[in-house]
Amino acid sequence: MQSSNLKISNASFRKVIDAGDYFIGVVLKGETFRILDLKGNQAADTLFFNAHNASERYSAMDTMREQANVYLTTGTKLRSNLNNVMLEITADICGRHDTLGGACSTESNTVRYDLEKRCMHSCRDSWMLAIAEHPEYGITKRDIGHNINFFMNVPVTEDGGLTFADGISGAGKYVELVAHMDTIVLISNCPQLNNPCNGFNPTPIEFIVWAE
Amino acid sequence: MSEIIRSIDYTTHIPSGSHWSLRVRRGTIMRLTDTAGLGNVGMLFYNPENLLERYNAPDTLKCQHTFKLTQGNCLYSDMGRIFASIVEDSFGWHDTVMGNSHAEHIEERWGKRDYQNDRNQWMQNGYDAFLVELAKYGLNGKDIASNLNWFSQVVTDQNGGLILAQDNKAPGQTVTLRFEMDTLVLLHTCPHPLNTAEIYPRESIQIELGTAHDIQEDDYCMNFREENLRGFKNNQLYHLGLIA
Ligand SMILES: [Zn+2]
């Protein structure tokens with residue numbers, strides 16, 4: 001656990017992302033941003049892209065392999081699919097974030113929950129809408145890789161199981177990252193209504209940036 | 001041959017540090033054998049009808065509540081469908097999260113490669129091997145999702161640390177896939193990215209191809225989890241009106 005010294009009053013940008021909404025924007029190299037869990041136990045399904053070449057993107061497997069650990073926390077360097085360091089977690093008062101569980105999608109919801117859940121809103125649909133509404137970033141479905149689930153806790157068991165534990169986040173918990181390159185941030189504030197992790201109740205998060 | 005395998009019609013051996021790709025039809029059997037017990041097979045799947053549909057490791061692991069892949073597990077696309085089922089497995093725990101070795105890993109571990117001297121003993125890396133095969137289908141690095149690493153067991157410690165286990169390596173281990181939809185398969189036989197062996201592994205992998213029997217109601221993979229029953233339903237919907 002590492003808390004932050006940054007003051008909200010010095011922030012250069014603040015935006016509340018409502019439950020089920022997306023956020024897309026650029027953070028410049030050297031800037032620090034915070035994702036704040038306003039009400040607790042919310043999941044922020046997040047993708048990162050090189051702002052100058054969106055085909056370079058966050059890679060869960062490169063990140064886990066290079067740090068030889070499945071969990072993300074303070075000190076974790078987030079790697080791209082070209083194995084470059086994109087961002088680094090500089091503060092974290094939640095303790096652990098998941099990058100193994102992927103995002104919910106209408107299609108995977110049919111498998112995970114019920115065939116009838118196909119029409120429920122999902123994180124990947126939010127991303128699809130984001131890239132459709134923002135062609136200026138040059139992102140297509142081809143570029144959509146595996147994401148980070150900030151505030152999610154998905155422990156691996158000794159015998160190779162994967163459990164979806166109760167959230168370890170709470171109201172006011174946050175994670176902070178510094179950008180090592182100009183980075184497009186694409187967040188789906190998860191609309192999942194079938195998962196006990198958020199108490200079946202998606203809630204807003206806040207995105208806060210500090211200029212260098 | 002068995003309740004699952006109708007026939008084996010083709011056998012080949014892929015030396016270590018190589019790559020291959022092939023389009024397989026629904027109902028195809030693919031059996032891999034780690035003949036020397038030191039191999040690794042990296043593998044990726046795409047839908048040849050829509051190359052944007054690809055293997056999704058998180059969806060595969062999450063819907064079956066597992067970190068390891070073994071008999072009974074189905075391999076899911078990002079569209080909620082099943083590319084292939086693991087119908088037989090003597091190994092027990094295959095990795096799908098560690099990705100590939102890159103050129104810099106290989107050089108760091110085993111020195112700089114030199115084709116002029118090494119010829120076909122050159123030390124290829126998994127990432128470049130996939131790039132070569134991807135380019136043949138108009139695909140590139142951005143189409144790489146997490147791949148499978150057959151015959152490599154990656155375990156975690158209590159703090160989430162990742163370790164490549166060596167305990168269950170033994171000559172002759174096999175894993176058999178049954179393809180549940182037409183699939184473009186890309187594979188390489190480069191070392192697992194966490195492999196720290198003293199010398200670059202040199203053993204070949206046997207690949208057999210054949211046909212599967214029709215799936216029965218009590219199929220092990222389909223009934224392995226409720227989720228898989230729904231995955232098979234999604235495949236059924238996909239195949240409605242199509243000739244298998
Ligand atoms: Zn979600």
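Buried means under 20% relative accessible area, exposed means over 50%, and partly exposed lies in between, computed with a 1.4 Å probe on protein chains only. The model is predicted, so local features need pLDDT of at least 70 and side-chain atom pairs count only at pLDDT 80 or more, while totals for chains, interfaces and linings use all residues. Residues are numbered from 1 along each chain as its sequence is written, chains are lettered from A and ligands numbered from 1 in the order in which they are written, and side-chain values use heavy atoms, without hydrogens and water.

**Exercise 1. State which residue forms a salt bridge with Arg54(B), and where the two partners lie.**

Step 1. A salt bridge requires a side-chain nitrogen of Lys or Arg within 4 Å of a carboxyl oxygen of Asp or Glu. The partner of Arg54(B) is Asp143(B), with 3.7 Å between the closest N and O atoms.

Step 2. Arg54(B) belongs to strand S5 of chain B and Asp143(B) to the loop between helix H4 (126-135) and strand S8 (148-150), so the bridge ties together parts 89 residues apart in sequence. Helices (H or I, at least four residues) and strands (E, at least two) are DSSP runs, numbered from the N terminus.

Step 3. Arg54(B) is buried, at 5% relative accessibility, and Asp143(B) is buried at 0%.

**Exercise 2. Identify the donors of the zinc ion and their spacing.**

Step 1. Donors are N, O and S atoms within 2.8 Å of the metal (3.2 Å for Na, K and Ca); water is not among the atoms, so sites may look incomplete.

Step 2. The SG atoms of Cys104(A), Cys123(A) and Cys190(A) coordinate the zinc ion at 2.2 to 2.3 Å. The donor residues follow the spacing C-x18-C-x66-C.

Step 3. Cys123(A) lies in helix H3 (residues 123-133) of chain A and Cys190(A) in the loop between strand S12 (183-189) and strand S13 (205-210), so this pair ties together parts 67 residues apart in sequence. Both Cys123(A) and Cys190(A) are buried.

**Exercise 3. Find how many disulfides the whole structure has, and how far Cys63(B) is from the nearest cysteine sulfur.**

Step 1. A disulfide is a pair of cysteine sulfur atoms within 2.5 Å. The search over all chains finds zero.

Step 2. For Cys63(B), the nearest cysteine sulfur is that of Cys74(B), 8.0 Å away. Cys63(B) is buried, with a relative accessible area of 3%.
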